[in-house]
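Subject: Structure for your review

Dear colleague,

Please find below the structure that I am handing over to you. My findings on helix contacts and aromatic pairs follow it.

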Amino acid sequence: MNERDLLLEIGTEEIPSRFVAWAREELASLARQEFASAHLKFRDVGVYGTPRRLALFVRGVAINQEDLVQEHKGPAWAQSFDVYGHPTNAGRGFAKSRGVPVESLEKRVVEGVPYAFVLTRIEGRPTAALLPELLDRLLRRIVFPKNMYWDDPGTRFARPIRWLLCLWDDEVIPLTFAGCVADRFTSGHRFLGQKRVEVPSVRAYMDLLYDNYVIVDQDKRRERMTGAIAALEKEIDGKADLTPALVEENLDLVEYPVPFFGTFEDRFLDMPPEVLTTTMAVHQRYFPVHNGQGKLLPLFVGVSNNRATSMAVVREGNERVLRARLSDAAFFWAEDQKRPLASRVEEL
């Protein structure tokens, strides 16, 4: 077998959702750069992420680095060899400086002029020997828009790193970063999964985490979330406002999405819809719900990261929080209406 798959999982404290999608793209871009500069061939790069982990997959990596051919340009060919093809002092001196016999010099034409060249072939090293340094360099290149520093003052990341998993098919790659030594263990969902999960090979990784309530693949996580919301829409006879930005934000807040719906008092509908939707979407990351005519309903859809024994308890807790938010909004809306807008012109 001339190729293998590489998996690097970076386990962290919860990364803010606004950084997760950015980190996936950045890690993929940096990985492609590092593997290309190391002359390591690969089929494709995939990066998956949740609030607690970033997983880099580099599939179909060659088990050996490509052989390198270095070209060293010398004097012009006419200066290196006379008209009879005998080497001159210049030719012999160039060959000696490169540690090769003068007979090994090759003629290469550069911009119409023949020159003497020495070609040096460097045999590629085993990929496994290159990966520890390559991956360390890769991790140090990730600079988030906002970073944290902890035990090692030279280490920075969005949140503290708590574990590293690094597998070359079924072998552990010796890698140490941020005080963590890479092994074959990951962690399941914080509340629903096992704290320590052994991963025998790269291929087993996704399934093992799914069994521990972690959907690492963001596309599959999105499918599960939106599918569950669609089922709720039938139950409540309404349509959730699934704006793309809010969908992505909720997606990167959870490892195992469990959508639920809640209600609020009809009296809050006396406020403009913009006030309610802003309170729900911006402050609480809930999806507002409309009827078939586009009218706002006293309902919302939220996404929990925990499948509780009783989701009614989760719903009631979120309803309490939203009720307080909407009560504040109602107070300020009533206060604002006590003065006409024209009376505020001078204050501006």
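In this predicted model, helix H8 passes helix H9 in a right-handed crossing. H8 spans residues 273–284 and H9 residues 311–336; their axes come within 10 Å and cross at roughly 130 degrees. The two helices are therefore oblique to each other. On the H8 side, the contact involves Val275, Leu276, Thr279, Met280, His283 and Gln284, which meet Val321, Leu322, Arg325, Leu326 and Ala329 of H9. By class, the residues of this contact are seven nonpolar, three polar and one charged.

The crossing of H6 past H7 is right-handed. Gln218, Arg221, Arg222 and Met225 in H6 are in contact with Val247, Glu248, Asn250 and Leu251 in H7. Three nonpolar, two polar and three charged residues make up the contact of H6 with H7.

Turning to the aromatic residues, the structure contains 11 aromatic pairs. One of them joins phenylalanine 19 and phenylalanine 144 in a tilted arrangement, with 6.1 Å from centre to centre and 50 degrees between the planes. This pair links distant parts of the chain, 125 residues apart: phenylalanine 19 belongs to helix H1 (residues 17–37), whereas phenylalanine 144 lies in the loop between helix H4 (127–141) and strand S7 (148–149). Phenylalanine 19 has a relative accessible area of 6% and is buried. Phenylalanine 144, at 2% relative accessibility, also counts as buried.

Another aromatic pair consists of tyrosine 286 and phenylalanine 300; this pair is stacked, with 4.4 Å from centre to centre and 20 degrees between the planes. Here too, distant parts of the chain are linked: tyrosine 286 is in the loop between H8 and strand S17 (287–290), and phenylalanine 300 is in strand S18 (residues 296–304), 14 residues apart. Tyrosine 286 and phenylalanine 300 are both buried.

Finally, Phe19 and Phe144 belong to a cluster linked by ring pairs, together with Trp22 and Phe157.

Yours sincerely

Note on methods: Residues are numbered from 1 along each chain as its sequence is written. This is a predicted model: local features need pLDDT of at least 70, side-chain atom pairs count only at pLDDT 80 or more; totals for chains, interfaces and linings use all residues. Side-chain values use heavy atoms; hydrogens and water are left out. Axes are lines fitted to C-alpha atoms, for helices over the stretch in contact, and angles run from 0 to 180 degrees between N-to-C directions. Helices (H or I, at least four residues) and strands (E, at least two) are DSSP runs, numbered from the N terminus. Angles under 35 degrees count as roughly parallel, over 145 as roughly antiparallel, 65 to 115 as roughly perpendicular and the rest as oblique. A crossing is left-handed if the near helix is turned anticlockwise from the far one by less than a right angle, and right-handed if clockwise. Contact means heavy atoms within 4.5 Å. Ala, Val, Leu, Ile, Met, Phe, Trp, Tyr, Cys and Pro count as nonpolar, Asp, Glu, Lys and Arg as charged, and the others, Gly among them, as polar. Rings of Phe, Tyr and Trp (its six-membered ring) pair if their centres lie within 6.5 Å; planes under 30 degrees apart count as stacked, over 60 as edge-to-face and the rest as tilted. Buried means under 20% relative accessible area, exposed over 50%, partly exposed in between (1.4 Å probe, protein chains only).
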